[in-house]
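This briefing is intended to be read alongside the sequence and the three-dimensional model.

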Amino acid sequence: MITETASYYDHLEQMSVHDLLTNINKEDQTVPLAVEKAIPQIEALVTEIVKRMKNGGRLFYIGAGTSGRLGVVDASECPPTYGVPHDLVIGLMAGGDGAIRKAVEFAEDDAQQAWQDMAPYEPDEDDTVIGIAASGRTPYVIGGLQQARAAGLLTGCIVCNNGSAVAQAAEFPVEVVVGPEFVTGSTRMKAGTAQKLVLNMISTSVMIQLGRVKGNKMVDMQLTNIKLQDRAAKMVMSEIGVSREEAEKLLAKYGNVRGAIEGFTQAGQ
């Protein structure tokens, strides 16, 4: 049984603002080092995800509370950043989309709900499910992983305790042990930061492996605002040496940086 470890600090209400901020920051600095120790586990998981996604598979995140919200955020940022379909990386959380803004009481306690939430997507053996749970004991995540694994899906997880039930339910667990939170039990702090870092690593490396980055540039990003349109024009100008006006014409014609560069190259200009 995993028990909740008390904060290294006490009498927080008596600390000055300076001391509060300094001590929170001191704890936060330990998180990347904890993530570093888990890189072999992350590498093993990413390698298997890429194999399946190259075969047409999708990536699902399941979680509750902060963990679920972080999965939804990571999934929602893949289409605009990498130009992939909205149903390629899918974030699902206990309580549904409404729980993104407002907690849904007891939603995380239903061990059957995650698999039911996935059902409309008709998951198959090429898909991957990553359960996200700081404590490693969330029934929504445990049940979802168990049922996904029984159905032949690849299963992984991101947890912040060793030897958890969530890790036992996953084929490729990622365990980032960050230690006690500054406020005891407030896993939106160090644990949340660790989960966000790992999610960044997973989705970014997967997308690069799938060919969604050229050099170091997001050549498939969606041009959904002025800032991104400006960035895209500069990419095209830098890559093929055209004027801004010509870059903008190419982007208007092809819709993204990759298309503009390839279209220009193929035309032999």
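The buried residues of helix α9 pack against α10 (244-254) and α11 (257-266); contact means heavy atoms within 4.5 Å, and buried means under 20% relative accessible area, exposed over 50% and partly exposed in between (1.4 Å probe, protein chains only). The model is predicted: local features need pLDDT of at least 70, side-chain atom pairs count only at pLDDT 80 or more, and totals for chains, interfaces and linings use all residues. Residues are numbered from 1 along each chain as its sequence is written, and side-chain values use heavy atoms, with hydrogens and water left out.

**Helix α9**

- Helix α9 comprises 15 residues (226-240) and reaches 21 Å from its first C-alpha to its last, close to the 21 Å expected at 1.5 Å a residue; the expected span is 1.5 Å times one less than the number of residues.
- The buried residues of α9 are Leu228, Ala232, Ala233, Met235, Val236 and Ile240.
- Seen down the axis of α9, these buried residues fall within an arc of 160°, so they line one face of the helix; the arc is that of the directions from the helix axis to the C-beta atoms.
- On the other side of α9, Ile226, Lys227 and Ser238 are exposed.

**Ends of the helix**

- At the start of α9, a side-chain oxygen of Asn225 comes to within 3.1 Å of the backbone nitrogen of Lys227.
- Just after α9, Gly241 adopts a positive phi of about 70°.

**Val236**

- Val236, in helix α9, counts as buried because its relative accessibility is 0%.
- Apart from neighbours within four places in sequence, Val236 is in contact with Gly241, Val242, Ala247, Leu250, Leu251, Val257 and Ala260.
- The C-alpha atoms of Val236 and Ala260 are separated by 7.1 Å, although these residues are 24 apart along the chain.

**The chain as a whole**

- The chain contains eleven helices and five strands; helices (H or I, at least four residues) and strands (E, at least two) are DSSP runs, numbered from the N terminus.
- Of its 269 residues, 43% count as buried.
- Among contacts in the chain with a separation of 6 or more, 67% come from residues 24 or more positions apart.
- The C-alpha trace spans about 65 × 50 × 35 Å along its principal axes.

**Annotated domain**

- An unreviewed UniProt entry carries the annotation "domain: SIS" for residues 49-212; such annotations may be inferred rather than shown by experiment.
- The end C-alpha atoms of residues 49-212 lie 15 Å apart, and the span is 40% helix and 16% strand.

Methods. A polar contact is a pair of N or O atoms within 3.5 Å; within protein, one must be able to donate a hydrogen and the other to accept it, and residues adjacent in sequence count only if both atoms are side-chain atoms.
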